[in-house]
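Here are a few notes to go with your first look at this one. Open the viewer and follow along point by point.

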Amino acid sequence: MTTKTTTQPLTDRGVARLISDVAVMTRRNLVKYRRIPTLLLFSTIQPVMFVLLFVYVFGGAVQFGGATNYATFLLPGIFAQTAIFGSTNTGIGLAEDINKGIIERFKTLPMSQTAVLLGRTLSDAARNFFVVILMTVVGYLVGFRFEGNFVQALAALALAVLFGFAFSWISAWIGLTVRDVETAQAAGFIWVFPLTFASSAFVPTATMPGWLQGFADINPVTVAVNTLRALTFGQSPAPDLWWMLLWVGGILAIFVPLAVRQYRKTV
């Protein structure tokens, strides 16, 4: 009885301290965008360019189904692409902190070291949410519409951010492993591009060659895009939703421990 009363408050204080440290680290990363607004500005230009490029240059030539127009077909793919591309900032930011000696300084402070990684990934998720909302606004200007209800639309946006959050942990592990900003940037995009473009993000996988279609159909990006697209069309997202959640859970189960272990090895 005595043991329970003494250990429970310690556990509560530990959780409270972790939450507080995570909040501080998240705010630290978000403040950077307020002080250097061009970082956020230029990170939104690329997805806007993709929307305009695909809608007005390729939209008339792409065959699509299930949507009233190509913009409505395209935007769920842009949501997923934006979240995945945005996740690469996690590794770049961590590599930058290593080179500036900030990570070494964090390790000398009386704080939860897990908060450094959680603060980075959560702040990047918040940034992704902002950019996805911006893409929705841009999409509406070029003809995109949510054909489902408000709950389905909100679920699509939230799932896109969740998918990017999972990929942020892959990027975190890469950044902590290579420890160089330029290398982290190159290594972050070299595997993201094939996953994104060899998927259903921009065209139906049925239009691809057989050998590529087999890869595209099991691609986690395809599963995510199909889920977001079903919600956008006002349809049931199953079974793609369950496969997407399985991918997210699998990525987190593998790369969260890898990133934490790599962080502990960082000097």
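1. Helices (H or I, at least four residues) and strands (E, at least two) are DSSP runs, numbered from the N terminus. On that basis the chain has 11 helices and 0 strands. Its radius of gyration, taken over C-alpha atoms, is 20 Å, close to the 18 Å that the globule rule gives for 267 residues, so the chain is as compact as a globular protein of that length. That rule is 2.2 Å times the number of residues to the power 0.38.

2. Before going on, keep in mind that this is a predicted model: local features need pLDDT of at least 70, side-chain atom pairs count only at pLDDT 80 or more, and totals for chains, interfaces and linings use all residues. Residues are numbered from 1 along each chain as its sequence is written, and side-chain values use heavy atoms, with hydrogens and water left out.

3. Now the aromatic rings. Rings of Phe, Tyr and Trp (its six-membered ring) pair if their centres lie within 6.5 Å; planes under 30 degrees apart count as stacked, over 60 as edge-to-face and the rest as tilted. The count here is 19 aromatic pairs. Take Phe50 and Phe85: their ring centres are 6.4 Å apart and the planes sit at 70 degrees, so the pair is edge-to-face. Phe50 lies in helix H2 (residues 37–58) and Phe85 in helix H3 (residues 70–99), so the pair ties together parts 35 residues apart in sequence.

4. Ring pairs also link Phe50 and Phe85 into a cluster with Phe54, Phe189, Phe193, Phe197 and Phe202.
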